[in-house]
2 protein chains.
Amino acid sequence: MEKEVLSRRSALKFGAIGTGLAMIGAATNALGAITLEKDVKFDEEYDVIVIGSGFAGLSAAAKASERGYKVLVVEKMGRIGGNSVINGGAFAVPNNADQKKFGIKDSGELFIKDCLKAGLGINHVELLETIVARANDTLEFAIKCGAEFKLGQKPSWFGGHSVPRTLVTGNMSGSGIIKPMTKFVQALPGCKIVRRTKFDDFVMGDDGSVVGVVVRKDYRFDKKLLSDDIENTTGKKMVLKARKGVILASGGFSADKVYRKLQDPRIPEDADATNHLGATAGALLKAFQIGAMPIHIGWIQQGPWASPDERGFGVGPQLTQQGLFKFGMAVDVRNGKRFMNELADRKTRADAEWKILRKNPESNPVAIGTYNTFDPQILSLVEKGLATGVMKQYDTVDAAAKANGIPVKALKASIKKYNAGVKKGKDEFGKPVKAFDGQGIEDKGPYYCVRLQPKPHHTMGGVKINTKAQVISGNTQKPIAGLFAAGEITGGTHGASRLGSVAVTDCLTFGMIAGENI
Amino acid sequence: MEKEVLSRRSALKFGAIGTGLAMIGAATNALGAITLEKDVKFDEEYDVIVIGSGFAGLSAAAKASERGYKVLVVEKMGRIGGNSVINGGAFAVPNNADQKKFGIKDSGELFIKDCLKAGLGINHVELLETIVARANDTLEFAIKCGAEFKLGQKPSWFGGHSVPRTLVTGNMSGSGIIKPMTKFVQALPGCKIVRRTKFDDFVMGDDGSVVGVVVRKDYRFDKKLLSDDIENTTGKKMVLKARKGVILASGGFSADKVYRKLQDPRIPEDADATNHLGATAGALLKAFQIGAMPIHIGWIQQGPWASPDERGFGVGPQLTQQGLFKFGMAVDVRNGKRFMNELADRKTRADAEWKILRKNPESNPVAIGTYNTFDPQILSLVEKGLATGVMKQYDTVDAAAKANGIPVKALKASIKKYNAGVKKGKDEFGKPVKAFDGQGIEDKGPYYCVRLQPKPHHTMGGVKINTKAQVISGNTQKPIAGLFAAGEITGGTHGASRLGSVAVTDCLTFGMIAGENI
């Protein structure tokens, strides 16, 4: 029903042709003229104002507060944590202690090589070097802020990484970081988080520095609007001074029905994303208007482990990427054959799935495996997946094939072929099965299946920052004084496609660095 | 020597780490605050001001002048025509009269399908539909403005196009369009082109419309600067009123040492591009600051038919794309084998060449063929190519192999294999050899060789326009009143990668449309 309402709206609003955007009413400053300090009266004053309360925002706020600054975190939604609180809480830390403990040989060079391979070589290496240098500090800082990780265990092995280097939170969710960090921040003297408060504009000083922001308090995000950023007029305007500066940590735009479609017109306005509904481009577009430079805008990463059988991020991504994609496999339902390395980087896998789905939109590929395929760390999610229905359980391969419309003989042959490859340590798609010690799909059920559908997950593009998290101006190629950014609103770290579990690293690390440098 | 100076400057300026940009002095408005009409006094007044004098700019100026408007074309360089005057003058016109004359079946759907395939599906289809609807009008208008095409002949077949649909100018150069069009424009009453005049800023009205520009006259582009846009302080400021509006036609940024590297850090500051040296991002970045939305920034198209043995665009591109790449072939010098479909789209071919060059930077692939392989239309360029040295001539395959360090036996085997495929009408890389009527590389010399090196050629990203060439604001999703754009400064038409000879179409068509609508 909700989908229908949206579609009708879009049809009306977008007009008949392609991505042509027709008129929509504007709530914000249409001129886009910069708000100048001399023209405003500040309602409140802070040292530091942080836009957004995800990993990057809270990390920045925690570090800045710790330094004694009076900090305000502005969150537009009704709940704290953005996408960070609903994701899988997986945190890649190159050269971490658990790798050493379990004899896993990692290096900064290897991490950067992996990122560059997935990112098609266009990553900004100095940002990756910064992550290598600081990721262990970040882990320590997150733990200090109360985050709980499953430490002392063998790290998880995420797709596209050459070695296992990913730590996971105790509750297998980003909330395992966000919730304690929120408490930590709120307990610090002089630090405040306000919700339902929307960033609308920057306030600029005479010297070109950012000295504050225009926000609306008591704003309510409206998911029914085509563009909440433009159409939503709720809330009351306030002008806030930021004596030390502003830290932009408002995330990406995977849920922005308009701007994401301008980058990839194949994404319908009502397409489900893994993101929370507030993940829009408003703050990003405002940053461009004060000279921040767009980097890599146009690359939208789609999660190849997502499922059409649940909304948003859900639990499917963990059941596949830390489960069925490992010892199990993914098959093309049209012919029962495998069609990709299930542990390749995200872009490679999403491209392989889209190749099928663009031809046959109903033929969602299926991930299939047995109980052994789930990481011990996510076993508790198996029941949850079955309960929500995103994962189905079958006693036999025949039943799994029948239920998913897969030719049963072909599926059995594929399982046999796959298992033989695992035994030999050589996979037809280059999956690193050598490390599996002969473990593949078991001969006996139950069998577990998750249907696959790539969903917009992470927008690679954003503003250019330097290694101090300062936003660089296109007018000067110097930092814009008083403006920092961290996390998904920045571009460059991940290049064309981000490796799984490096977002948490990126957000927490550059958030912390912004808090250190402001 | 010049290269050395640049390298040293860059080393100093960019600092030691990756793409990290250190301080460079700023010539322009560092604040980036918008210039408001109420704060300025206009030195001169026009109806329409056009930024840039390439295909898009002159087409816009011609159309607007024709409508009786007083038009000023502002060109920052010392000569008129930007990249347009140095390119190959190839103009794709779907459904043109020469196709019909020679029995070539084309359609708008086929043209759009070809563009979408090369563009990886992210093209803005409504812009392609506009091109289909108007390309023949554009051709007619260009002819009216004095452009001379080789008409009545079989159209050229460019890589990635399903059918021959490309017309070429009489002199096989874009100057065959630019030069007469310049005369046409200058002969119209009230139309003026000024050179060495640099656009610096927009002037905005109270209602958010663009009402003029700030320029510098007597400015001199300085190729020795790392960023001319930022560092060059020459010229005298003037404020110009544009009663009807401004048309942005300033091109792409393939020669911008700083901004192109931020999009692809693998492109060294001193890397040669096919573009003229003034192809920088200054005007584009200013447009973002008044709310124009970045589309597809990050995709830089590299010309797979360019050569390291000449600077800039040169003649190599024509000798390969309208010559050796057709009945001839390209080989990997390391093993004497072919490695790509020489008529694939540009991205596919540049990727194939980079795969070799990223591993062995000295192993430039070589295009090889015999005299029969050159399009009759470019035969006069053969002598030029030999004279400048970008193409070499050898009596025997042995001599060609020896001179280029190719294993001779392997090269002979490759030619044999390739010719056999041509005879059979089936090529191992999917080259459409069926249409070649058995013609391949001849058994007898002379043989012609061009060494290959992809060069930055076209920046796919830019501002979002609608089908009327109006620039769309991210603040409203409506047109910015008084602002139009056409050509390479816009994004969306070509998606991730442009097909050869569609730039001329895009620039002339949307330039004309901007002139019609302003």
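## Close-up views of a predicted model

View 1. Strands (E, at least two residues) and helices (H or I, at least four) are DSSP runs, numbered from the N terminus. This is a predicted model: local features need pLDDT of at least 70, side-chain atom pairs count only at pLDDT 80 or more, and totals for chains, interfaces and linings use all residues. Residues are numbered from 1 along each chain as its sequence is written, while chains are lettered from A and ligands numbered from 1 in the order in which they are written.

**View 2. β7(B) pairs with β1(B) and with β8(B).** Two strands pair if DSSP finds at least two bridges between them. Strand β1 of chain B (residues 35-36) runs parallel to β7(B), over 2 bridges. Here B:Thr35 has B:Val203 as its bridge partner. Strand β8 of chain B (residues 210-217) runs antiparallel to β7(B), with 6 bridges. B:Met204 is bridged to B:Val210 of β8(B). The hairpin of β7(B) and β8(B) has 5 residues between the strands. There, B:Gly208 takes a positive phi near 85 degrees.

**View 3. An open sheet of 5 strands lies in chain A.** The order is β13-β12-β14-β16-β15, and the pairing is antiparallel. β13 (337-338) and β15 (391-394) of chain A stand at the edges; each has a single partner strand, so one side of each is left without a neighbour in the sheet. A:Met391 stands opposite A:Val450 in β16(A).

**View 4. Domain 2 of chain A touches domain 3 of chain A.** Domain bounds come from an automatic or database domain assignment. It gives domain 1 (2-82 + 178-301 + 462-517), domain 2 (90-176) and domain 3 (305-453) in chain A. The C-alpha centres of domains 2 and 3 of chain A lie 25 Å apart. In chain A, 8 residues of domain 2 are in contact with 12 residues of domain 3. Contact is counted when the C-beta atoms of two residues, placed from the backbone, lie within 7 Å.
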